[in-house]
Amino acid sequence: MSDAITIAGHALREAVRRRVLLVVALVTAVFLALYALAAFEVFDSLESSNFGDVPFDDRALAGGTLLGLAMFVALFLGVVLAIFLTLGAVRGDAERGLLQPLVVRPVGRTTLLTGRLLAASAVCAPYVVLVFLIAALITNLAGDFTPSSVVVPALGLALGVITVVAISLLGSTVLGTTANGIAIFMVFATGLAAGLLGQIGEGLDVEGLMTASTIISWAVPFEALYQNGLHALTADVGGTAGVIVQLGPFGGASDMSAGIWPWAVAWTAVVMTLAALLFRRRDL
Amino acid sequence: MTAALSVRAVSKRYGSTTALDGVDLQVGAGELVGLLGPNGAGKSTLVKIACGLVRPTAGQVEVVGAPAGSRTARASLGYLAELFRFPGWARADEVLALHQRLARSDGGAAERASLLERVGLEGDGQRRMDAMSKGMQQRLGIAQALIGSPRLVLLDEPTSALDPGGRRTVRDLLVGLQEQGVGVLLNSHLLSEVELVCDRVVIVDGGRVVTEGPPEQLTSPGGVEVETADGVRRLPDARREDVPRIVRELVDGGTEIYGVRVVSGTLEDAYLAAVTGRDR
């Protein structure tokens with residue numbers, strides 16, 4: 001394990017020295033500033049309203065939607081970070097001649113991959129949790145909105161980006177840097193599209209679309225975790241606002257079973273095992 | 001005594017391409033073996049198989065008695081790849097420290113300083129890779145390969161980016177390794193360098209060993225040249241042991257002699273003879 005930590009430390013130093021983290025911090029600060037501006041503007045402009053005789057909680061709608069947007073952005077930025085930290089981990093680094101000096105050391109190839117997983121996860125998971133929590137705090141300050149759950153969305157985001165790190169590492173064993181980056185972004189987009197399809201299927205009551213969405217969401221668990229977290233944000237909001245907000249702003253919101261957590265962990269383990277097997281068989 | 005490197009009947013195929021075809025090679029402890037051959041002969045593949053980067057299709061490779069690629073084998077070797085790079089953001093000392101941890105070397109700062117000095121980079125420990133010339137990076141690559149006092153050192157074109165001074169430094173270093181009982185496999189296109197330092201030379205072509213032996217055995221005699229008042233006389237069939245007789249006969253015949261030189265073929269001649277008609 002100490003070798004994996006050594007490799008992780010090396011990868012983290014690279015992220016810091018190459019100013020990746022600095023750029024991410026700046027982009028995030030800009031996003032959060034814009035988010036705060038939007039949140040205060042939205043809540044200031046709200047007026048109590050009803051749909052006929054039906055009471056309508058517009059603060060919950062605004063808060064749920066805004067925080068849903070923040071969740072999406074946190075996931076998106078976290079995924080970008082995860083991909084850029086890992087997309088060239090094996091084949092890309094081997095083509096550049098960076099990997100060979102490390103692989104000939106008495107360190108297992110699996111250990112090298114584990115180190116890269118640890119490093120990227122140690123950056124991306126806390127990052128998405130932090131962005132989400134700050135957004136939740138801003139939403140609370142702006143409109144006194146408290147989500148039904150903070151823990152489920154935060155953990156969902158964290159585990160979601162770890163699954164993306166695993167896919168990216170798997171991709172890096174067979175694809176070059178650019179090809180892997182494109183492939184992982186397409187997988188990410190496929191997951192989001194599946195969420196939207198499910199939302200459309202739910203709106204039009206098309207069973208086939210809903211089933212396809214569920215299957216894809218579980219096949220790429222970051223999407224299922226995202227949907228689950230999005231649902232948990234406003235699970236306690238009732239009435240018309242509850243119905244509208246549960247549709248979710250980006251990719252739908254579905255209450256996944258508790259099985260999504262062990263599934264995502266097991267899925268990550270299987271993907272990493274496959275990555276390790278492919279890496280072990282690869283000639284460098 | 002266990003060989004530093006033992007290669008037996010090793011073959012490597014990439015699809016329909018045969019990179020190595022039944023190669024046998026031994027590097028003893030303290031032996032410096034030069035690996036020569038034209039581009040695409042399979043030299044780098046052989047070195048990569050020895051250090052576990054590439055898996056052979058057939059045959060056996062052992063590093064100090066352990067199967068190549070095993071943790072034990074990798075703990076016993078140092079390797080400088082032909083095409084390698086250290087991260088541009090890293091400092092020389094950091095690169096060595098990382099490899100010390102991975103090689104489980106407890107040499108600490110003293111070992112790092114000593115290695116930097118041996119490759120002529122003393123005082124450059126805090127220099128970043130992206131501020132180093134290619135030659136400096138190659139020197140650092142050699143220092144990295146020597147971390148943890150390996151018993152086998154595999155060097156793939158270690159002097160390709162070095163100036164004459166750097167090559168001299170590496171030659172001295174190789175002689176030092178030899179004296180310490182370290183086996184060295186040197187893959188190089190610089191025949192003069194190989195001829196100067198190697199105990200034995202192995203010439204590979206088309207994935208096969210085409211000839212091998214000590215440089216002096218591979219290089220054929222090229223006759224005797226005698227400098228006289230009438231000019232240089234060449235006696236192409238004469239050998240070193242014929243020199244006293246030749247000199248005596250010429251002096252007895254009244255010829256004044258100003259110099260005698262025994263001509264021997266070069267390793268380049270031997271190399272070209274071995275791969276003639278096969279070079280691509």
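1. Buried residues of helix H2 of chain A. In this predicted model, three residues of H2(A) are listed as buried: A:Val24, A:Tyr35 and A:Ala39. Buried here means that 20 or more other C-beta atoms lie within 10 Å of the residue's own. The partners of these buried residues are two helices of chain A, H3 (58-86) and H6 (109-143).

2. Length of the same helix. H2 of chain A covers residues 20-44, which is 25 residues.

3. Contact between the chains. Chain A contributes 19 residues to the contact and chain B contributes 23 residues. On the chain A side, helix H1 (2-17) and helix H5 (100-103) each supply at least two residues. H1(A) gives the largest share of that side, with 5 residues.

4. Make-up and dimensions of chain B. Chain B contains 13 strands and 10 helices. Its C-alpha trace spans about 75 × 50 × 35 Å along the principal axes.

5. Burial and contacts within chain B. Of its 280 residues, 41% count as buried. Taking contacts in chain B between residues at least 6 apart in sequence, 67% join residues at least 24 apart.

How values were computed. Residues are numbered from 1 along each chain as its sequence is written. Chains are lettered from A and ligands numbered from 1 in the order in which they are written. This is a predicted model: local features need pLDDT of at least 70, side-chain atom pairs count only at pLDDT 80 or more; totals for chains, interfaces and linings use all residues. Helices (H or I, at least four residues) and strands (E, at least two) are DSSP runs, numbered from the N terminus. The expected span of a helix is 1.5 Å times one less than its number of residues. A residue is buried if 20 or more other C-beta atoms lie within 10 Å of its own, exposed if 12 or fewer, and partly exposed in between; C-beta atoms are placed from the backbone. Two residues are in contact if their C-beta atoms, placed from the backbone, lie within 7 Å.
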